[in-house]
Amino acid sequence: MAKNTSLYFRIVEGRNLPAKDVSGTSDPYCVVRVDNEVVARTATVWKNLNPFWGEEFTLHLPTGFHVLSFYVMDEDTIGHDDVIGKISLTKEVIAAQSKGLDSWLNLTRVDPDEEVQGEIHLELELQQEDQHTCLRCHVIQARDLAPRDISGTSDPFTRILYNNHSAETSIIKKTRFPHWGETLHLRLEQGEEEGGCVTLEVWDWDMVGKNDFLGKVEIPLACLRRTPPLQGWFRLLPLGNTEHDAGGRLGALRLKVRLAEERILPSVYYQPLIDLLLEPVVSPAQVEDPTPLTLLEEVTTVESRQDVAMTLVKIYLGQGLVVPFLDYLNTREVHHTTDPNTLFRSNSFASKAMEQFMKAVGMLYLHEVLRPVINRIFEEKKYVELDPCKIDLNRSRRISFKGAVSEAEVRESSVGLLQGYLSSIMDAIVGSEPHCPLVMRVVFKQLHKRVEEQFPQSQHQDVKYLSISGFFFLRFFAPAILTPKLFHLRDHHADTRTSRTLLLLAKAVQSVGNLGLQLGHGKEQWMAPLHPMIFSSVASVKDFLDKLIDVDHDNPEVSQRVMFLPCVTVKEGFLHKHKPEGPQLLKRFAFKKRYFWLSSETLSYAKTPDWQVRSSIPVQCVCAVERVDDNGFQLQNVMQVLTQDSEGHTHTMYLQCKNVNELNQWLSAIRKVSIYNEHLLPSFHPGAHRTKWTCCLQTDRTAVGCSRTHSAVTLGDWSDPLDPDAEAQTIYKQLLQGSDKLRKHYGQPEETDGAGEEEKPVSSETSDVLKGAAQRGRAVAVRLLDVLVDLERVHSTYQQREQEDTSSSLILPL
């Protein structure tokens, strides 16, 4: 049995931030830390005191966390970035919000004494000596201490205090991973050992000025009366004198944070639930018949519908049944739709499942289609505007060297630019049919068939195209064009000018996806200059959709078992690779630019994407992938990939990324493909070896690592590997929350005494159908509830065992 912690957070926007620049504005961005690790950085919003980011992240953690912190920074092109303020949320605060936290929170000032991190390894015991008691503290080592010096390191020493007694270790210079191996003794007078806390503080020694606080540990003296001695890693805590900002003088952030902690049972316990979910897909019944899937939809809230849909998509992908699963949902949706104009227009289960399915299997395809034109738009930064109310002639002067231009000239130039961009986008999409993932094409073919069966009339001949283009253009390509950052097409949000261009193009692509049927009826008549091009694209779009669904999977047995095969390349891009030619080359110039490809089998690289010769590292040889401390090479955003050859020798490759988000994405991607490797390392050196390790100062290159590895810490995204047990647990929890509703709705049939509201007369045939559906629904609900009861019993048993294992021990060390 394992525990799974998923932490979701969305940085929505900020308001009333203080001005940090001479211009009276700021250039804010957010840095997110989980305990000691920087896990995300938003894009910078330039010259704005009320920025909107809208960036969201999901982090999978193996052993939980303590504090989630959001730092708002002001980016400066010269010098260091300014700290505006921060928001810290403890795990307990987040967990207390069962539906998640969604609110505005005031920023507080950053106090250096509260910015502590790291852990310390101690062994403590009370020893009896004659008439006195001696407190013995063996200070072994510490790791990942906060950097307090300009070199990115610290000069740490420790001090133990109890009542008026104290003792100190020696100072170890220039390290965040000190090894002391010293024993400190405090002789306690008679009566002093009655209660109180032993405090161990870690300080950074400074030759000039006062020492800097690095953290503390407090241990009740009563805990030391046990034998054997108390030993372990202890998390360093802040000084505890935080002064909260009053009245929001530093501004506020709107945050959405949600924590999910699950106890994942062995697979055998989830199999009955999986069998029930697969039943209506493997053995389809009547469309009207209640099934476990329809019951799940009944108890799923609007807020959780997207997450549940994504989980179901991954379950059926793993089972190789995603095509019949989506066909089942789409068939029900089509069957219950009487007006074709409303088909898939709501956020139904079918709509959400299709939307999440396209992200899961089609993101690399989307990147291939859109990235060239999106990059071109970002690079050109042309001023484009069609709305007469928004045309700014001062900004448009750059399009002409003739001085001032008229509004008509701005519109003419804008129309030309938009037509050029739109033409490139549409050419890329309609020419992408061979590159579209096969499983997407099969799903669209099935959808086309169901819609055609439901609406065969000639006046509805476009509905079968609209059903596909509604997903393909309106829910897939148009959102990616509007916000490329959120689809990983760009590292930063668009500036104001580029953002407007993208908005107009997204509107045009939506109109193309609607086959131009709504053009001329809306309020935005200033889009009319693009209407001819949109109308001319409709024929090519229909032709493209016909080709897209022209796949030979009519055999039911074949279509049911279309397996989800992930693309060969999981991630690719330029990185700077360290050239290992000895200690003398551990400089900036030793990192050479190379193009990397990561698949489920290899990590390969070459000089350029088109280079014929590639060097490859088998993924199965990866034993750790970790970030490198900035002090290792005096460079930021460096990671290391540790591999082990057939003879058991460990090799290290250092790679530099262009920013912290790219660093985290590569770390997560390589960890995902290697998470089940044998011989994963439990520890590593976060520094570099130059006669000695820059992190812990040990001289032996083969010395055991001084910091814990993070092989199971990954970012959640569309490339997540399938984890059937975790996904089944998510569905179980959703059903458990709605179990009372199921019992109430599908309990014993209600008896009427005739005194109630007069019922409408129904035919005997209709009555039989309704009674039959109710009976079948009740039978399905009973089976489902029985499975939930069994799972709940197993969870209770495991929870009781855990409590018994931990009730007799004090969980002080990490």
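This is a dialogue about how some labels on a predicted model are reached.

Colleague: What makes up the chain, in helices and strands?

Modeller: The chain of this predicted model has 18 helices and 28 strands. Of its 814 residues, 50% are buried. The accessible surface comes to about 40,400 Å², and carbon and sulfur atoms hold 50% of that area. Among contacts with a separation of 6 or more, 70% are between residues 24 or more positions apart.

Colleague: Why is H10 called roughly perpendicular to H12?

Modeller: Helix H10 (residues 463-482) and helix H12 (residues 531-548) pack at an angle of about 95 degrees. Angles of 65 to 115 degrees count as roughly perpendicular, so H10 is roughly perpendicular to H12. Their axes are 11 Å apart.

Colleague: Which residues make that contact, and how do they divide by class?

Modeller: H10 contributes Tyr 465, Ile 468, Ser 469, Phe 472 and Phe 473. From H12 come Val 541, Lys 542, Phe 544, Leu 545, Asp 546 and Leu 548. By class there are eight nonpolar, one polar and two charged residues. Lys and Asp count as charged, which puts Lys 542 and Asp 546 of H12 in that class.

Colleague: Why are E11 and E14 said to stand at the edges of their sheet?

Modeller: The sheet is open, with four strands in the order E11-E10-E13-E14 and antiparallel pairing. Strand E11 (165-168) and strand E14 (212-220) each have a single partner strand, so one side of each is left without a neighbour in the sheet. Neighbouring strands here are turned by 20 degrees against each other on average, direction ignored.

Colleague: How do you know that E10 and E13 pair?

Modeller: Pairing requires at least two bridges, and six bridges join strand E10 (residues 156-162) to strand E13 (residues 197-204). The two run antiparallel. Arg 159 stands opposite Glu 201 in E13.

Colleague: Which strands are joined to E17?

Modeller: Strand E17 (residues 569-578) is joined by nine bridges to strand E18 (residues 591-599), and by two bridges to strand E23 (residues 650-656). His 576 has Lys 593 as its bridge partner in E18 and stands opposite Gln 656 in E23.

Colleague: Why is Tyr 654 called buried?

Modeller: Buried means under 20% relative accessible area. Tyr 654 has 9%, and therefore counts as buried. The residue is found in strand E23. Beyond its neighbours within four places in sequence, Tyr 654 is in contact with residues including His 576, Lys 577, Phe 591, Val 628, Phe 633, Met 639 and Trp 693.

Colleague: What makes the phi of His 488 worth a remark?

Modeller: Most residues other than glycine have a negative phi. His 488 is not a glycine, yet its phi is positive, at about 60 degrees. His 488 is found in the loop between H10 and helix H11 (496-513). Thr 691, also not a glycine, has a positive phi of about 65 degrees. Thr 691 is found in the loop between strand E25 (689-690) and strand E26 (692-693).

Colleague: Why is His 488 called partly exposed, and Thr 691 exposed?

Modeller: Exposed means over 50%, and partly exposed lies between that and the 20% limit for buried. His 488, with a relative accessible area of 35%, is therefore partly exposed. Thr 691, at 64%, counts as exposed.

Conventions
Residues are numbered from 1 along each chain as its sequence is written. This is a predicted model: local features need pLDDT of at least 70, side-chain atom pairs count only at pLDDT 80 or more; totals for chains, interfaces and linings use all residues. Side-chain values use heavy atoms; hydrogens and water are left out. Axes are lines fitted to C-alpha atoms, for helices over the stretch in contact, and angles run from 0 to 180 degrees between N-to-C directions. Angles under 35 degrees count as roughly parallel, over 145 as roughly antiparallel, 65 to 115 as roughly perpendicular and the rest as oblique. Contact means heavy atoms within 4.5 Å. Buried means under 20% relative accessible area, exposed over 50%, partly exposed in between (1.4 Å probe, protein chains only). Accessible areas come from the Shrake-Rupley method with a 1.4 Å probe; for residues, only the protein chains shown count as cover.
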